[in-house]
Amino acid sequence: MPEDLGHMTDADVDLVASRLKSRRLLQVLVVTMIGLAVSGTINLIEGDWTNLDVHVAAQVALLCALWALRKARFALANTVLLLTATASISVLVWQNSGLRDPAMLAYPAILAFASRMGGRRLFVSLLAMILLFVAFVGVANLQGWHVNTVPGHTPGSVVNVSIVLSLTAYLLWLMAGDLQVALASLKAENERVRRAHAQIEFLATHDPLTRLPNRMLARDRFSQVIALARRHETMAALAFLDLDNFKDVNDSLGHPRGDELLRMVADRLTDILRDSDTVCRQGGDEFLILLGDVHAVPDVAHIGAKLLEQLAAPFVLDGLEVSTSGSLGVAMYPENGADFDELLKKADIAMYCAKNAGRNVVRFFNETTVDGIDAMRA
């Protein structure tokens, strides 16, 4: 099936499936007519006129099925084909070798095709017809009402068996191909759905601009950082970083370049930190930095200084050098609290203290910081 089902509507998929079924039905009709014609020709060459009535009637019925298919009446064409095949095989079995006749080999192929192309009612009806006919032939032979003789093998019987087996093999090959296509399409659809779910989950927990974890994921990550600090009896830090004068970049260079600057800032922050640390985008030009396994406050101060040093290096935006800096406020666990929201609030206060201290500096939260911020707000 050449069509990409992953980008089609339900109506398109139904249309493709309908066209495939029609093509398969046409193929089976043509091959069946050819098989009957070859078998009938062999019988005539051998002088056996016994089955001529079956071959002629079957060809006429199959021509009617072709006409119905050309008129887009798929259900009618399919029903005529299956009923004709079942009736023809049954008559051949009755007229020739009975339950030992090679035509019996065609019944499984008929039922297989019915299960693929017909509805449940048609399949059950054909199965019931075949079982009843087999039982009838068996009883007739056992009771002597109708005795089927088993003739010796002739070149014609070998050809007829080969035709039945070839038709059955061709039908099963078509169905196996359709099954492989269906499984491949299902696999592709499952992969598309998996990727879509992964993308939805990623967007729910990450910032779409910088691809960094968002505040929701930061909260979860910091819970893990605190749990690790408790287990190892160490400290953790929550740092709040705000870019200085970012609004000027947006106003002078435009929002697209401002967005590019944010992505470059995110890359620099991520590159300098340890794999166990996390950089998150709080929103706008604000970033959260989660530091775990901290043994001393000076270690955090050193990391903060390195972060600001990285931000101070010029950024190149479309050939233009842009200089910026950041103000970093830090709240420590367990000294400043154990709750994410509480530590975030205190890191935010410390960040404002860093801005008021001249920017491009690191400030840690303490009660004096709170008093100073309250006095300035008053």
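Colleague: What share of the contacts with a separation of 6 or more comes from residues 24 or more positions apart?
Modeller: In this predicted model, the share is 67%.

Colleague: And how many helices and strands are there in the protein?
Modeller: The protein has twelve helices and seven strands.

Colleague: What radius of gyration does the protein have?
Modeller: The value is 40 Å. For a compact globule of 378 residues, the figure would be near 21 Å.

Colleague: What box do the C-alpha atoms fill?
Modeller: Along the principal axes, the box is roughly 115 × 50 × 35 Å.

Colleague: How much of the protein counts as buried?
Modeller: Of its 378 residues, 41% are buried.

Colleague: Let's switch to helices α4 and α5. At what angle do they pack?
Modeller: The angle is about 165 degrees. Their axes lie 9 Å apart. Helix α4 covers residues 106-117, and helix α5 covers residues 120-143.

Colleague: Roughly parallel or roughly antiparallel?
Modeller: Roughly antiparallel, because the cut-off for that is an angle over 145 degrees.

Colleague: Is the crossing left-handed or right-handed?
Modeller: Helix α4 passes α5 in a left-handed crossing.

Colleague: Which residues make the contact?
Modeller: From α4, they are Y107, I110, L111, A114 and S115. From α5, they are F123, L126, L127, I130 and F133.

Colleague: How many of those are nonpolar, polar or charged?
Modeller: The contact of α4 with α5 has nine nonpolar residues and one polar residue. No charged residues take part.

Colleague: New topic, the backbone. Is the peptide bond from Y333 to P334 cis or trans?
Modeller: That bond is cis, with omega near 5 degrees. Most peptide bonds are trans.

Colleague: Where is P334?
Modeller: P334 sits in the loop between β6 (325-333) and α11 (340-356).

Colleague: What about phi at E233?
Modeller: E233 has a positive phi of about 55 degrees, and E233 is not a glycine. Most residues other than glycine have a negative phi.

Colleague: Where does E233 lie?
Modeller: E233 is in the loop between α7 (215-232) and β1 (235-244).

Colleague: Buried or exposed?
Modeller: E233 is exposed, with a relative accessible area of 73%.

Colleague: And what is phi for D293?
Modeller: Phi of D293 is positive, near 55 degrees. D293 is a residue other than glycine too.

Colleague: Where is the place of D293?
Modeller: D293 belongs to strand β3, residues 286-294. Its relative accessibility is 33%, so D293 counts as partly exposed.

Notes: Residues numbered from 1 in each chain as written. Predicted model: local features only at pLDDT ≥ 70, side-chain atom pairs only at ≥ 80, totals over all residues. Heavy atoms only, no water. Axes fitted to C-alpha atoms, helices over the stretch in contact; angles between N-to-C directions. Helix = DSSP H or I, 4+ residues; strand = E, 2+ residues; numbered from the N terminus. Parallel < 35°, antiparallel > 145°, perpendicular 65-115°, else oblique. Left-handed = near helix turned anticlockwise from the far one by under 90°. Contact = heavy atoms within 4.5 Å. Nonpolar A, V, L, I, M, F, W, Y, C, P; charged D, E, K, R; others polar. Rg over C-alpha atoms; globule rule 2.2 N^0.38 Å. Buried < 20%, exposed > 50% of the residue type's maximum accessible area, 1.4 Å probe, protein only.
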